[in-house]
Amino acid sequence: MIFSRHIYWAILLRILLILATSGTGLWLIISQRGIIIGTLLIICSLFQIGGIVTYLNNINRKLRLFFDAIEDRDNTFSYPEQGISEEQQQLNRSLNRINALLAQTKMDYQKQEHFYRSLLEKVPNGIIAWNNSKKIIFVNNTALTLLNIESLTLYSQLENILQNEKNRKRLSLSQSQMKLQDETITLLSIQDIDDRLNENESESWSKLSHVLTHEIMNTIAPIISLSQTLASYPEISEKGIRGLHIIQAQSERLMEFTES
């Protein structure tokens with residue numbers, strides 16, 4: 001990275017300056033050509049060592065705060081990029097860029113999570129998910145409605161609720177597992193089959209009544225027509241005609257009943 005090269009050269013120049021200052025001071029003292037000046041140079045080199053230690057500590061502190069913020073998922077901070085040395089500017093600019101990328105990644109992840117949660121809310125079945133520690137991490141509104149509850153946090157609650165609700169409703173349960181990094185997530189799908197059975201039963205009755213109505217109407221219509229035809233024959237006695245009229249009348253009433 002660019003800022004690391006700047007820091008490398010800055011530290012190298014400071015070390016060379018410390019060596020030159022302390023070396024010159026020692027030479028002046030040892031050669032007795034300038035003991036006072038040599039002593040001052042040694043003291044100056046000590047201040048330079050303190051300065052480079054402070055410089056490195058500031059960088060380490062800044063990096064430590066940066067990584068702590070990442071661990072705490074805090075992307076609200078930023079480092080100044082004006083009014084400081086060039087290497088500090090490069091370092092701060094790079095840290096701010098990394099922070100911006102992490103913030104964008106976090107935002108994209110939240111969008112994806114919101115999309116999948118919205119998608120699970122739209123499915124007709126109840127969906128419940130829990131992790132290895134038996135903590136409920138997701139439950140949609142359909143599941144809450146089917147189980148007659150307002151909230152759900154632990155798997156132990158779910159077991160008791162399912163036992164009670166299964167005695168009152170016919171619930172279809174389907175369970176599956178998925179790996180999410182190092183954690184196993186268990187998904188439970190819940191469906192109330194009472195409504196499905198009622199729908200199927202109503203549909204069956206509707207089909208049956210349609211078939212019966214069709215068959216009865218097809219059977220009665222020829223009886224009415226035949227009784228009318230036979231009643232018009234002169235060979236039929238008056239008593240036979242009255243019987244045919246009764247058959248016709250009864251058949252017509254049965255026809256009206258079937259239609260209604």
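Biologist: In this predicted model, which residues gather in a patch of negative charge on the surface?

Modeller: The patch of negative charge on the surface is formed by Asp68, Glu71, Asp72 and Asp74. What makes such a patch is that its residues have over 30% relative accessible area and no salt bridge, with like charges joined within 9 Å.

Biologist: How many aromatic pairs does the structure hold, and why is the pair of Phe115 and Tyr116 called what it is?

Modeller: There are 2 aromatic pairs in the structure. The ring centres of Phe115 and Tyr116 are 5.4 Å apart, with the planes at 65°; centres within 6.5 Å make a pair, and planes over 60 degrees apart count as edge-to-face, so this pair is edge-to-face.

Biologist: What makes Phe115 exposed and Tyr116 partly exposed?

Modeller: Exposed means over 50% relative accessible area, and Phe115, at 51%, therefore counts as exposed. Tyr116 has a relative accessible area of 49%, which lies in the range between buried and exposed, so Tyr116 is partly exposed.

Biologist: Why is the aromatic pair of Trp130 and Tyr155 called tilted?

Modeller: The two rings lie 4.6 Å centre to centre, with 40° between the planes. Planes under 30 degrees apart would be stacked and those over 60 edge-to-face, the rest being tilted, so the pair of Trp130 and Tyr155 counts as tilted. This pair links distant parts of the chain, as Trp130 belongs to strand E1 (residues 126-130) and Tyr155 to helix H5 (residues 155-168), 25 residues apart. Both Trp130 and Tyr155 are buried.

Biologist: What is the secondary structure of the protein chain, and what share of its residues counts as buried?

Modeller: The protein chain has 7 helices and 4 strands, which follow one another from the N terminus as α-α-α-β-β-α-α-β-β-α-α. Of its 260 residues, 26% count as buried.

Definitions and conventions:
Residues are numbered from 1 along each chain as its sequence is written. This is a predicted model: local features need pLDDT of at least 70, side-chain atom pairs count only at pLDDT 80 or more; totals for chains, interfaces and linings use all residues. Side-chain values use heavy atoms; hydrogens and water are left out. Patches are made of residues with over 30% relative accessible area and no salt bridge: like charges are joined within 9 Å, nonpolar side chains (Val, Leu, Ile, Met, Phe, Trp, Tyr) within 5 Å. Accessible areas come from the Shrake-Rupley method with a 1.4 Å probe; for residues, only the protein chains shown count as cover. A salt bridge is a side-chain nitrogen of Lys or Arg within 4 Å of a carboxyl oxygen of Asp or Glu. Lys and Arg count as positive and Asp and Glu as negative; His and the chain ends are not counted. The place of a charge is taken as NZ of Lys, CZ of Arg, CG of Asp or CD of Glu. Rings of Phe, Tyr and Trp (its six-membered ring) pair if their centres lie within 6.5 Å; planes under 30 degrees apart count as stacked, over 60 as edge-to-face and the rest as tilted. Buried means under 20% relative accessible area, exposed over 50%, partly exposed in between (1.4 Å probe, protein chains only). Helices (H or I, at least four residues) and strands (E, at least two) are DSSP runs, numbered from the N terminus.
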